Amino acid sequence: MVTQPNDWSGLSWLGPPIDARALFRPELGALVGLLRGLGPAEWARTAVPGWTVHDVTAHVLGDCAARLGRRDPGPFAPGETLEAFIHRANQEWVERHRDTDPAALVDALEDAGTELAGRFAHADPDAPSLGVSWAGADPAPMWLDCAREFTEYWTHRQQIRHAVGLDTDPEPRALSVVLDTFMRALPHTLRGVEAPGGTRVEVTVTGPGGGVWTVTAVTGGWSLGEGSHGRPPTTAVRLDAETAWRLCTRGIEPATALARARARGDHRLAEAVCRIVSIVY
């Protein structure tokens, strides 16, 4: 039975690399264009619980500043977990920028985002980088760290779009990279689930930008890097793209996603899949 966390050497269990580097500039352009078109009342709308559109924009600027080495969140508080530290630092940054004029906020975001996109464009995808806690990789390869960062910006743009009455941007290339990145959380999500070696769980996200991911029980954990060898999956879960990305970012709860999913096979494994989370939560 497979019961141990993913602690074997190498990173093949994360699956094939993702190259999100070229997507940062168009994503920044889409976000800046959206923000520059907002009216005063729209900046005050709620984008996520507790944060307005203005707050989320300040948060994205803070992410850029941190990656550029321009933001020092200070030390951990005694006994503080990584998740608590990140949430506290983000809240403090947002509160410091509550009175920043929206136009100035967008200008700063455009400048910082442009510089960051240039840095990512020249980064070595295979170099060790910041850990990605929800994927269980620390340090993570730069390709995963970069892809994770891209999903951050894309997700926050969708939250702003929804706040001002727009649907999720259906552009398939970006959505495809976002979903592929989010699914790299599957081995970590299933790390505590016992299953015989060779057990395969197939996750399909339907529609443009979707795809199919298969995670296999191997010695020491679960892997996205194993071939199927012609074997049918033990469990198959199908989700539409909107449900999938909202689930991974906790825009909806696992029970809601499971109710929307089409699942066959081992219900226990299907339930585990729907506990996936691809953000610091």
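Tyrosine 153 is buried in this predicted model, with a relative accessible area of 6% (buried means under 20%, exposed over 50% and partly exposed in between, with a 1.4 Å probe and protein chains only). Phenylalanine 24, at 5% relative accessibility, also counts as buried, as does phenylalanine 150 at 0%. The model is predicted, and local features need pLDDT of at least 70, side-chain atom pairs pLDDT 80 or more, while totals for chains, interfaces and linings use all residues. Residues are numbered from 1 along each chain as its sequence is written, and side-chain values use heavy atoms, without hydrogens and water.

The structure holds five aromatic pairs (rings of Phe, Tyr and Trp, the last by its six-membered ring, with centres within 6.5 Å; planes under 30 degrees apart count as stacked, over 60 as edge-to-face and the rest as tilted). The rings of phenylalanine 24 and phenylalanine 150 are edge-to-face, because their centres are 5.7 Å apart and their planes stand at 75°. Phenylalanine 24 lies in helix α1 and phenylalanine 150 in helix α6, so this pair ties together parts 126 residues apart in sequence. For phenylalanine 24 and tyrosine 153, the centres are 6.0 Å apart and the planes at 75°, so this pair is edge-to-face. Ring pairs link Phe24, Phe120, Phe150 and Tyr153 into a cluster.

Helices α1 (residues 24–36) and α6 (residues 142–163) pack at an angle of about 20°, with axes 10 Å apart (helices are DSSP runs of H or I of at least four residues, numbered from the N terminus; axes are lines fitted to C-alpha atoms over the stretch in contact, with angles from 0 to 180 degrees between N-to-C directions).

Key: Helix = DSSP H or I, 4+ residues; strand = E, 2+ residues; numbered from the N terminus.
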